[in-house]
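Work through the exercises below with the coordinates open. Try each task before reading its solution.

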Amino acid sequence: MAEGRSGEDIVSEYLDQNPHLVEWVESLRGGHETNKQWHARREFFLRNMETFPTVQPGFPSPSLDRLLSLSICWANHIFLGCRYPQPVMDRIKEMAEGVVVNDAPVRKTRDEILGKGKRTAGGDDDSCAKRTKPGNPFKQGPPPQAPAEHQPFFNRLYKAVAWKLVSAGGFGPNLDHFEILRACTESSKESLSCVFVPLKDIPDLPAARSQKEGQVCELRCQTVYLGTGYGRDEAAARAMASKEALKAFQGRKVMVKICRRRFNGRDVEDLVLLDDQPRNPGFPPAISYPFQPEQQGDGPS
């Protein structure tokens, strides 16, 4: 495929020149992919077809399965923040060269989330000075007006989720909770943020639990915390986090509130989505925190 122009132009021209591929390529689209996700993955797929010479349009083969799997891994990494074994990450990064995704979600590494690898003396002097400047006592956390600013979006999301659950026969263990939450969020013109951290690296867990193997997933949307899940791998953790998040949509309404949580060994104020049921708000420790001091006064993104 030609270089030097936008991905959409390149793909459109390529398919115009190869009309016999159009129907077959479209058949490879996932049922829940948004236009943005599909257009990016389609470009990734087409750019790499020539490196899989045994792929024949319309005919299943191990090479086709391999290329499709790599394209899905790449899309999941870009849009959902999923990570894979390092050889896979290296491969999809190499294969994605030339594919440009505008406004892709910004992800943090585990070290960034847990506060490791921060700049120390000898780094950017100006940046460090700003962080430690005396008299700079504003409070860390979301601005007081944040709940009111976020509430209209989550009212719309509540209606979308409620309708989706009704059409699926109600909330239950056999639902694909993540797909329901993702589809409803994207239909409301937003996206989910998924952060994964090994269970053993989470601070503030009881000693017995901190020794367990597995992954932790935290879900947010518009910086608002939705739920946390634990599982043997990222997919299982994400599924559990989505199930926990959807529980808030079982009440008569959802509310965005500022609540106290633990993050990196200290108490912080966080934006949390709650339902209208009275309960003891015991939250798991946060593994991501979008309200660092230097972000104060910016309002929600």
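The exercises cover ring pairs, charges over rings, a hairpin and one serine, all in a predicted model.

**Exercise 1. Classify the ring pair Tyr 158 and Phe 249 as stacked or edge-to-face.**

Solution. Centres must lie within 6.5 Å for a pair, and planes under 30 degrees apart count as stacked. By this rule the count comes to six aromatic pairs. For Tyr 158 and Phe 249 the centres are 6.4 Å apart and the planes are at 20°, so the pair is stacked. Tyr 158 lies in helix H8 (residues 146–167), while Phe 249 lies in the loop between helix H11 (234–247) and strand S4 (254–263), so the pair ties together parts that are 91 residues apart in sequence. Both Tyr 158 and Phe 249 are buried.

**Exercise 2. Classify the ring pair Tyr 289 and Phe 291, then decide whether each residue is buried or exposed.**

Solution. Planes over 60 degrees apart count as edge-to-face. The rings of Tyr 289 and Phe 291 have centres 5.5 Å apart and planes at 80°, so this pair is edge-to-face. Now apply the burial cut-off, which is under 20% relative accessible area. Tyr 289 has 2%, so Tyr 289 is buried. Phe 291 has 8%, so Phe 291 is buried too.

**Exercise 3. Which rings lie under Arg 238 and Arg 261?**

Solution. Take Arg 238 to begin with. Arg 238 lies over the face of Phe 178, at 4.1 Å from the ring centre. Then take Arg 261. Its charged end sits over the ring of Tyr 225, 3.7 Å from the centre.

**Exercise 4. Describe the pairing of S4 and strand S5.**

Solution. Get the sense and the bridges: S4 and S5 (residues 266–275) pair in the antiparallel sense over 10 bridges. Then inspect the turn. Two residues lie between the strands of this hairpin, and Asn 264 takes a positive phi near 55°.

**Exercise 5. Where is Ser 61 found, and what does Ser 61 touch?**

Solution. Locate the residue: Ser 61 is in the loop between helix H3 (35–47) and helix H4 (62–80). Check burial: the relative accessible area is 15%, so Ser 61 is buried. List contacts, not counting residues up to four places away in sequence: Ser 61 touches Thr 54 and Val 55. The Ser 61 side chain reaches the backbone nitrogen of Leu 64 at 3.1 Å.

Technical notes. Residues are numbered from 1 along each chain as its sequence is written. This is a predicted model: local features need pLDDT of at least 70, side-chain atom pairs count only at pLDDT 80 or more; totals for chains, interfaces and linings use all residues. Side-chain values use heavy atoms; hydrogens and water are left out. Helices (H or I, at least four residues) and strands (E, at least two) are DSSP runs, numbered from the N terminus. Buried means under 20% relative accessible area, exposed over 50%, partly exposed in between (1.4 Å probe, protein chains only). A charge sits over a ring if NZ of Lys or CZ of Arg is within 6 Å of the ring centre and within 35 degrees of the ring normal. Two strands pair if DSSP finds at least two bridges between them. Contact means heavy atoms within 4.5 Å. A polar contact is a pair of N or O atoms within 3.5 Å; within protein, one must be able to donate a hydrogen and the other to accept it, and residues adjacent in sequence count only if both atoms are side-chain atoms.
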